[in-house]
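User: I'd like to learn how to read salt bridges and surface patches in a structure. Can you walk me through them?

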Amino acid sequence: TAGEQTVRLAPDAVPDGAYRVVIVAQNGGGKEVSAQVAVAVTRALGYLGSSDATFSPNGDGRLDRVSFSFLLGSSAGVRVRIVRGDAWVATLANGPRSPGEHTVEWDGRKPHGRLRDGEYEVEATATTELGQVSQRAAFSVDTRAPSLRLFSLRPLRVRVLEPVRLIVQLNGRWSAIDRKRPGLVPIPSPAVVRSLRVVAQDAAGNRSELLSYRR
């Protein structure tokens, strides 16, 4: 029928190379018209990902570095950079690479200014004789310690502002509580709380200040 049309191509069985997609249209009177577009099939770059969904380059020894891995199907010039939206943040690698698996590490340093907490992407671009192909993978930066406050002793509850793991020492006995959302967290406790020590740790490995109580 008249109007915009879509033709989908799944080149699974097509070898890497430069191709032309040709479309021929014929009307009821037998008149033909054609159009074509150049298409490159390349498996030069794949499987881009980060070692951790969140990392925390604040020098505390926990998740201070993150690594990014990708697979090259052929030799290529490769550029790996960090972006936030459309803004460039840092370039981690830029040069020729051989086929195989590659890993690039980052400690959060950038040429200008301080790395801010938030959502980022790593972008890998491979250039071959067939052209360029790029992939992105998301990750986040979190360098701030989680907030932890004692809300009440009876019942025993603490308040957190983000998902955390609570490491609790209550009357000398240890336990861990995983909290997947912010808010008040009840801590199972006996009738009498003689001593309490709690630390909250977030997904980036940041730890809160010690919350303690002794009767």
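User: Let's start with aspartate 16: which residue does it form a salt bridge with?
Analyst: The general idea is to look for a side-chain nitrogen of Lys or Arg within 4 Å of a carboxyl oxygen of Asp or Glu. Here, in what is a predicted model, the partner of aspartate 16 is arginine 43, and their closest N and O atoms are 2.5 Å apart.

User: Which parts of the chain does that pair tie together?
Analyst: Aspartate 16 sits in the segment before strand 1, while arginine 43 is in the loop between strand 2 (32–41) and strand 3 (45–50), so the bridge joins parts 27 residues apart in sequence.

User: And how do I read their accessibility?
Analyst: Under 20% relative accessible area is buried, over 50% is exposed, and anything in between is partly exposed. Aspartate 16 has 38%, so call it partly exposed. Arginine 43 is partly exposed too, at 39%.

User: How many salt bridges are there by this rule?
Analyst: The count comes to 10. Another one to look at pairs arginine 81 with glutamate 123, with 2.6 Å between the closest N and O atoms. Arginine 81 belongs to strand 6 (residues 76–84) and glutamate 123 to strand 9 (residues 118–128), so this pair ties together parts 42 residues apart in sequence.

User: Is glutamate 123 buried or exposed?
Analyst: Buried: its relative accessibility is 8%.

User: What does glutamate 121 pair with?
Analyst: Glutamate 121 forms a salt bridge with arginine 136, and the closest N and O atoms are 2.9 Å apart.

User: Now the patches. Which residues form a nonpolar patch on the surface?
Analyst: For this feature, you look for nonpolar side chains within 5 Å of one another, each with over 30% relative accessible area. In this model, Val7, Leu9, Val21, Ile23 and Val37 make up such a patch, and together they have about 470 Å² of accessible area.

User: Where is valine 7 found?
Analyst: Valine 7 lies in the segment before strand 1 (17–26). Its relative accessibility is 69%, so valine 7 counts as exposed.

Methods: Residues numbered from 1 in each chain as written. Predicted model: local features only at pLDDT ≥ 70, side-chain atom pairs only at ≥ 80, totals over all residues. Heavy atoms only, no water. Patch = residues over 30% accessible without salt bridge, like charges linked within 9 Å, V, L, I, M, F, W, Y side chains within 5 Å. Areas by Shrake-Rupley, 256 points an atom, 1.4 Å probe, with all protein chains shown as cover. Helix = DSSP H or I, 4+ residues; strand = E, 2+ residues; numbered from the N terminus. Buried < 20%, exposed > 50% of the residue type's maximum accessible area, 1.4 Å probe, protein only.
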